[in-house]
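Hi,

Here is the structure I promised to send over. Please have a look at it first, and then read on for my notes.

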Amino acid sequence: MIEYDLEKIKAVIFDVDGVLSANTVSMDENGLPLRTLNIKDGYAIQLAAKMGLKCAIITGGDSEAIRKRYEYLGMTDVFMKCSVKIKTYEMFLREHCLSDDNIIYVGDDIPDYEIMKRVGCPCCPSDACEEIRQMSVYVSPYSGGNGCARDVLEQVLRAQGKWLSSSKAFGW
């Protein structure tokens, strides 16, 4: 269980590699990663979007396939090629009039560290690096790409009374 007042969460921000996708990826003939994404994570993301919980991505990667997938699921904020993620995070807060305590950030490695120090509720998958696990309010029992996002989102939606609470839960 996440030990945080989840009723005040208004946005959940995810890293991609190691959080929404597994740590091991195949490469295509151009040297680009071929990521595998979890369908149950996808269901939770689209439900969260329908229920008014803002979901976003801040990643150093750049993939049109990732952008298309998550925009299809209802994400309106997909930030790619973020070499210094904290700058994008601060812009996101300003654009949406949010404060740090309204945010869960799910990260797994050192590029996520600065944001995770700031947010109200830093979370990570079970296979995150040691520094990230130590600073997290919640370490999911699921590894990156294997249900971590679903785990976090389901807990938030349940705490806010939005899990299975409307007909929106039963369709895509």
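Below are some notes on the aromatic pairs and on one of the helices.

Please keep in mind that this is a predicted model. I began with the aromatic rings, and a search of the whole structure turned up 2 aromatic pairs. Tyr43 and Trp163 form an edge-to-face pair, because their planes stand at 85° with the ring centres 6.2 Å apart. Tyr43 belongs to helix H1 (residues 39-50) and Trp163 to the segment after helix H6 (148-159), so this pair ties together parts that are 120 residues apart in sequence. Tyr43 and Trp163 are both buried.

The other pair is Phe79 with Phe92: the centres are 6.4 Å apart and the planes lie at 85°, so these rings are edge-to-face as well. This pair links strand S5 (residues 77-79), which holds Phe79, to helix H3 (residues 85-96), which holds Phe92, and the two are 13 residues apart. Phe79 counts as buried at 15% relative accessibility, and Phe92 is buried with a relative accessible area of 0%.

Then there is H6. Its 12 residues reach 17 Å from the first C-alpha to the last, close to the 16 Å expected. H6 is mostly covered, with 9 of its 12 residues buried; among them are Cys148, Asp151, Glu154 and Leu157. The cover over the buried residues of H6 includes H1 as well as strands S1 (11-14), S4 (54-58) and S6 (103-106). After H6 comes Gly161, which has a positive phi near 70°.

Best wishes

Technical notes:
Residues numbered from 1 in each chain as written. Predicted model: local features only at pLDDT ≥ 70, side-chain atom pairs only at ≥ 80, totals over all residues. Heavy atoms only, no water. Phe/Tyr/Trp six-rings, centres within 6.5 Å; stacked < 30°, edge-to-face > 60°. Helix = DSSP H or I, 4+ residues; strand = E, 2+ residues; numbered from the N terminus. Buried < 20%, exposed > 50% of the residue type's maximum accessible area, 1.4 Å probe, protein only. Expected span 1.5 Å × (residues − 1). Contact = heavy atoms within 4.5 Å.
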